[in-house]
Structures are given as structure tokens and as C-alpha cells.
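This briefing covers a predicted model.

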Amino acid sequence: MNHTDRSQQRGAGLNRRDVIKIGAGLGAVVATSAQTALAQSKAVFKASDVQPPGYPTVVATENLGKKLAAATNGRLSLQMFPSMQLGGEKETIEQTQIGAIQMLRVSAGSIGPIVDDINVVNMPFLFKNMAHAERMMDGPIGQELLDKITASPNAGLVALCWMNSGARSLYNTKHAIKTIADIKGLKFRVIGNPIFIDMMNALGGNGVAMGYDQVFSALQTGVIDGAENNPPSYVFSNHYTAAKHFSLTEHLIVPELLVFSKRAWSALAADDQTLIRKLAREAQLEERGLWNTYEQQAMEKAKAAGCEIIEIADKTPFQNAIKPVWNKYGPKHQDMIGRIQSA
């Protein structure tokens, strides 16, 4: 082999190595471009709520979607599925965890069994009133609790914001509850969280864990004697047509949560994530205004339908009765409870 042949062979070898390097570089560029295209591609997010159209959480989430579509020129938008179309809270949480649903409005009561830190807001008689609960939601404690959901490896959720859900009270099909003795022996539906079952049992009733989607038929058929919820849920899910006695025990103020599927969230560009968080914060405050009006309308509708609305002048016996629940669940949340109560 002469000198010229060897030089050509060396040149050919170098060219092959260069081709490999160039190919690898092109592959990286293509991969990066694909990721960018994915992050910037058009997407319609499924949003779920167990509540009906017109309910404050539904309206606020729909408006978030409209703002999102406007801000992204239609690239990102929401399709709302209210009225349990995609299932009850348990089913829709599971669907959100796997990414089949992207955005979900869910009660903190249903998140507590998944992220135990959130059970602090599920303690009965924790908040003095709604203003106290709102201070928690709007302040650093509220953000800290949202971050705990997002950081939880078991949740698979990104917690965006809180929403108001008013105070929960007792309603039933049997008789007026004016004192704690009137609860004795009645079967009350509660959210599937051990705290709530123990709470109802401590009050003298029988706590029955049941999905929200099953409550109306269970009231109608006598599977349960009553349930506990806020006035809008009582009225606008038609529970008031079966259970005519509504007692304002206001034993729980359990906030709502707006969450996003962590699996879907991780595919979003950082700018889109920032935008969604900003719009969620706006939705938190918008829903609060809607809630106050809606709650008043619910109470007026219940009274017009002949429901008995019972004021509880002295709640001390109810508060004393649930002390075993505080003794059981309170110690692990002692520091956070102290911070919330002093807020």
C-alpha cells in the first residue's frame, strides 16, 4: 500500500468518526426538538368535579380554563366534566394519579388518607369560623400543606390551590337534631376517612363511609339515615328532598383542593406550569366570592322547600364528645394544629 492509499484510508476513518459524532449531535437536537414540541403542543385537559354545573368550584375551574385558553391562544384548554361524570372522588383521584384526568377538584377529606399531613385540616372543630380557615388557606401554612401533597411520592398529584367549602353540618330523614342525644343510633354517611368515622361514632351516631355519588339514593332507600355536608351540597345534589332536617352543627370546615396529575404536569413546559399556578391562585379567590352567594341561595331554597333548619345555640357538648378523636389523631399534628389555631 503506498503513501497516498494510507492517507486516504486515514481520511476515510476520520470521516466515519466525524459522521458518528455528527449523527449523535443530530440525534440530541432531534430529541430536544421533540421534547420542546411536546411541551408546546396543543392539549385539552380533562377537569373533573363531583358537583353539578353552576357550583362554585365548577364555575371557578371552568373560568380558569377560559383564562388558560386565552393566555395560550388556544394551545392549552380545559374540558369540564361535572356531576360525577367521570366517577366519585375515589375513582377520579385514581384516574388523576395515572394521568387519565389532568385536573381535579377534590375534598381535603379524601386526600387525608393519601397524604396524612393534610388530615390536620380534617380535625373536627379545628377552625373557629370560615374567616379563620381562609387565613390558613391564603397564608404560608396553606402553601406549606399544598407543597406536602406535591412532594408526596404516594400522591402522584400537584396541589394547585385551596377552595372554600363552607362548614359541614348534619342532616337526616328521621327527626330534628337539637342536642347531641338526638344523634344516638342514626346512621350518617361520612367521607371515607377514619377521622370522620371516629368523629361520627364519638357523637353517638354510626359513621358509614360512602362515596358522594351514592348518598342521594342511600338517603332515599334508607340505607343511611343522614349525612353531613355544607348547605350547597345538601341542596344542589338534591339531598334536601329526602332529608328534611338540617342542623347547623358546623362540626367541620374541610377545604377543597384543586390538584393536577403529576404525570401530566411533568410533561408541561416550566412557563405553562407557572401560568397554571397563577390562574389557580386567582380561581381560589374567585371561588370564595361565588361560594358566599351560592351558600345563601342554598339556605333560601331549603327553607322554601319546607326543610327544618335548626340552629345549635350551644356546641360545647358536641365539642366535648369528640375529644377522643383529638386524643387519637391530634398528637401527631400537634405543632401544625398550634400554628393553625394561632393564625
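A nonpolar core here is a set of buried Ala, Val, Leu, Ile, Met, Phe, Trp, Tyr and Cys residues joined through side-chain atoms within 4.5 Å. In this predicted model, the largest such core has 54 residues. An open sheet of six strands and one cavity of 30 Å³ or more are also described below.

**Nonpolar cores**
- Within the largest core, the residues that touch the most other members are I111, L145, I149 and L257.
- Beyond its neighbours within four places in sequence, L257 contacts L104, R105, V106, A108, I111, L146, I149, C161 and W162.

**Sheet and helix**
- The six strands of the open sheet run in the order β7-β6-β8-β5-β9-β11, and their pairing is mixed.
- At the edges lie β7 (206–209) and β11 (308–311), each of which pairs on one side only.
- From one strand to the next, the twist averages 35°.
- Four bridges join β5 (residues 168–172) to β8 (residues 226–229) in the antiparallel sense.
- L170 has E228 in β8 as its bridge partner.
- Helix α7 (residues 194–202) packs on the sheet and touches β5, β6 (187–190), β7, β8 and β9 (245–252).
- The direction of α7 makes about 155° with that of β7.

**Cavity**
- A search of the whole structure gives one cavity of 30 Å³ or more.
- The volume of the largest cavity is about 110 Å³.
- Its lining comprises 14 residues, of which E89, S107, R168, Y212 and N229 are the closest to the cavity centre.

Definitions and conventions:
Residues numbered from 1 in each chain as written. Predicted model: local features only at pLDDT ≥ 70, side-chain atom pairs only at ≥ 80, totals over all residues. Heavy atoms only, no water. Pairing = 2+ DSSP bridges. Helix = DSSP H or I, 4+ residues; strand = E, 2+ residues; numbered from the N terminus. Axes fitted to C-alpha atoms, helices over the stretch in contact; angles between N-to-C directions. Contact = heavy atoms within 4.5 Å. Buried < 20%, exposed > 50% of the residue type's maximum accessible area, 1.4 Å probe, protein only. 1 Å grid on protein atoms, 1.4 Å probe; cavity = no way out; pocket = protein on both sides within 12 Å on 5 of 7 lines; lining within 4 Å. Points joined across faces, edges and corners; volume = space filled by probe spheres on them.
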